[in-house]
Amino acid sequence: MCQCERSGQVPASGRADGDLQRAYTADLEAATRASINLDPTPYFAKYGPQGNSWAIFKTYLDAVAAQAAAPVIAKYTGVLAAADVFTLDNAAAMVESLRIDTGILGPFSTRP
């Protein structure tokens with residue numbers, strides 16, 4: 001075991017990995033904030049006549065996550081392992097976090 005493992009210190013590569021992960025998360029949050037106000041009109045047009053409000057909301061949230069994930073996937077594929085695999089799921093979680101934890105509800109907000 002190297003000295004750094006015994007002392008609990010993070011080796012230099014670990015700090016770089018942590019910095020990369022923090023940058024990824026910050027980019028994903030910024031992209032999600034930019035996407036949360038996606039126009040919901042197409043989803044109302046498709047599912048509104050059927051009275052399927054759940055489909056409106058679900059497909060809207062899926063589209064927000066996809067829009068937020070796209071630039072992050074492009075930036076981090078080949079840089080951060082599995083960015084192309086997990087970013088869409090991470091973006092969906094970030095959408096929910098913004099809605100629940102910060103009250104950013106996009107066009108579905110009822111707050112003045």
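**Salt bridges in a predicted model**

Me: In this predicted model, the side chains of Asp 19 and Arg 22 meet in a salt bridge, 2.4 Å from N to O. Why is this called a salt bridge?

Reply: The cut-off is 4 Å between a side-chain nitrogen of Lys or Arg and a carboxyl oxygen of Asp or Glu. Asp 19 and Arg 22 have N and O at 2.4 Å, so the pair is within 4 Å and gets the name.

Me: How do you know that Asp 19 and Arg 22 are separated by about one helical turn?

Reply: Both sit in helix H2 (residues 12–35), and they are 3 residues apart there.

Me: What makes Lys 75 and Asp 27 a salt bridge?

Reply: Their side chains meet at 2.8 Å, N to O, and that is within the 4 Å cut-off, so the pair counts. Lys 75 belongs to helix H4 (residues 53–76) and Asp 27 to helix H2, so this pair ties together parts 48 residues apart in sequence.

Me: How do you know that Glu 29 and Arg 33 form a salt bridge?

Reply: Their closest N and O atoms are 3.0 Å apart, so they too fall within 4 Å. Both residues lie in helix H2, 4 residues apart.

Conventions. Residues are numbered from 1 along each chain as its sequence is written. This is a predicted model: local features need pLDDT of at least 70, side-chain atom pairs count only at pLDDT 80 or more; totals for chains, interfaces and linings use all residues. Side-chain values use heavy atoms; hydrogens and water are left out. Helices (H or I, at least four residues) and strands (E, at least two) are DSSP runs, numbered from the N terminus.
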